[in-house]
Amino acid sequence: MTQADAAAALSVWVALESPTNHPAGVNGMMDLVASEVAGLPIAVERIAGRDGLGDMVLLRAGRENGQPGVALMSHLDTVHPVGTSDKDLPVRVEGDRLYGPGVYDMKGGAWLALQAFKAVAKAGTAKRPMAFLFTPDEEIGSPTSRGLIEEIGRGSAAVLVTEPARAGGRIVTARKGVGRFDVRLEGRPAHAGSRHADGRSAIREAAHQILAVEAMTDYARGITTSVALMGGGTAANVIPQHAWFSVDCRVTTLADGTMMENRILSLKAHDPDVAIRVTGGMNRPPYEKSPAVAALFEQARGVAAKVGFDLQDCPMTGGGSDGNFTAALGVPTLDGLGIDGDGAHTLQEYGLISSIAPRQGLIKGLLETI
Ligand SMILES: [Zn+2]
């Protein structure tokens, strides 16, 4: 396939808009996957969506030798609302760049990995059983797909995730863990003029708590906490009864995740007359570059060298992905194997067409050698 043919075929995927909350679009993407593999020695299982989200598609092929398999994982949902390609981010080629909603994160990676998977299935050159899971909800934390991701991960010798490459084509071998919390405060309302002393301000308490949570940030240890949403009160002359805020927490180790979860969940009110309720927890565990991950990366470097390029990885990144789930189970996981480019989640999102063929070659080589 020429570069132009690859760009044209990928453009069809990008043009089909599939934000997470639009199951019809996501299911359309699943249809495209199923139709691509029709007639090939690939088993297709479709798992119906739930909770208002799209379906999943699980492909299986390769050698049935009773060994643990190698699993590819791609999400087909995007963050871009329907209509983005009509107006703000038209699907188009400019030089080596293919622009469009989700082309970089991560339809480019899903598409090129599927081409590699098809080629290996057709040629019968896999060393192990192969699975390829397409999911509908990564952009909101994978609430309906996490179970299957972990189940497939447990049965695999390695997991390959096609999230976008980092600048210069670097892949990802470590990601921070991500926690989300919701803090609700309830004080005692009172007239701000005539009964001030009777009031117990939930917002005043929230101010104390927000500073305490933000002070938990420890850059040296790779721990960050952010309060990025807050609210409360009813009127300018009422001591507020209610206040709330969100907490985003990032950690580099499982132990720090547990420690931070305990600290945040056990926040105590300053004012004994204000009730505090904290919910949430760590959503994505950290993905650490274990010796097994490092060994798999070295293997990938060897494959890339045969394809003709020098593969590098990048320092632990702050963003989470489905790779966090499988890596936390101790399954060697490589991520960032998708298309190179830039502008994820923005209206300048593009993939580099020239990165498709080498990265397809890398994934094909991994499927044939792991
Ligand atoms: Zn993504």
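The model is a predicted one. Its chain has nine helices and 19 strands. The radius of gyration is 23 Å, close to the 21 Å that the globule rule gives for 370 residues, so the chain is as compact as a globular protein of that length.

**The chain as a whole**

- Along the principal axes, the C-alpha atoms fill a box of roughly 80 × 45 × 35 Å.
- Of the 370 residues in the chain, 52% are buried.

**Helix α9, residues 356-369**

- Helix α9 has 14 residues, which should span 20 Å at 1.5 Å a residue; its end C-alpha atoms are 20 Å apart, in agreement with that figure.
- The buried residues of α9 are I356, R359, L362, I363, G365, L366 and L367.
- As background for reading that list, an α-helix has 3.6 residues a turn, so residues three or four places apart point the same way.

- T162 is found in the loop between β7 (156-161) and β8 (171-172).
- T162 counts as buried because its relative accessibility is 0%, and the cut-off for buried is under 20%.
- Once neighbours within four places in sequence are set aside, T162 is in contact with L72, M73, S74, M106, G109, A110, A113, D335, L337, G338 and I363.
- One of these partners, I363, is also on the list of buried residues in α9.
- Another partner, M106, is found in helix α3 (residues 103-123).
- T162 and L112 are 50 residues apart along the chain, and their C-alpha atoms are separated by 8.9 Å.

**Backbone angles to look for**

- For orientation, most residues other than glycine have a negative phi, and most peptide bonds are trans.
- The peptide bond from D105 to M106 is cis, with omega near -10°.
- D51 is a residue other than glycine with a positive phi, near 55°.
- You can find D51 in the loop between β1 (43-47) and β2 (56-62), where D51 is exposed with a relative accessible area of 63%.
- H345 is not a glycine either, yet its phi is positive, at about 65°.
- Look for H345 in the loop between β18 (341-342) and β19 (350-352); with a relative accessible area of 42%, H345 is partly exposed.

**G95, an exposed loop residue**

- G95 is found in the loop between β4 (92-94) and β5 (97-99).
- The relative accessibility of G95 is 69%, so G95 counts as exposed.
- G95 and I353 are 258 residues apart along the chain, while their C-alpha atoms are separated by 8.8 Å.

**G177, a buried strand residue**

- G177 lies in strand β9 (residues 177-186).
- At 0% relative accessibility, G177 is counted as buried.
- Not counting residues up to four places away in sequence, G177 touches C249, R250, V251, M282, R284, P285, P286 and N324.
- From C-alpha to C-alpha, G177 and Y99 are 30 Å apart in space, and they are 78 residues apart in sequence.

**K289, a partly exposed loop residue**

- K289 lies in the loop between β15 (275-284) and α7 (291-307).
- With 41% relative accessibility, K289 counts as partly exposed.
- Leaving out residues up to four places away in sequence, K289 touches T173, A174, A294, F297 and D313.
- K289 and E186 are 103 residues apart along the chain, and their C-alpha atoms are separated by 42 Å.

Definitions and conventions:
Residues numbered from 1 in each chain as written. Predicted model: local features only at pLDDT ≥ 70, side-chain atom pairs only at ≥ 80, totals over all residues. Heavy atoms only, no water. Helix = DSSP H or I, 4+ residues; strand = E, 2+ residues; numbered from the N terminus. Rg over C-alpha atoms; globule rule 2.2 N^0.38 Å. Buried < 20%, exposed > 50% of the residue type's maximum accessible area, 1.4 Å probe, protein only. Expected span 1.5 Å × (residues − 1). Contact = heavy atoms within 4.5 Å.
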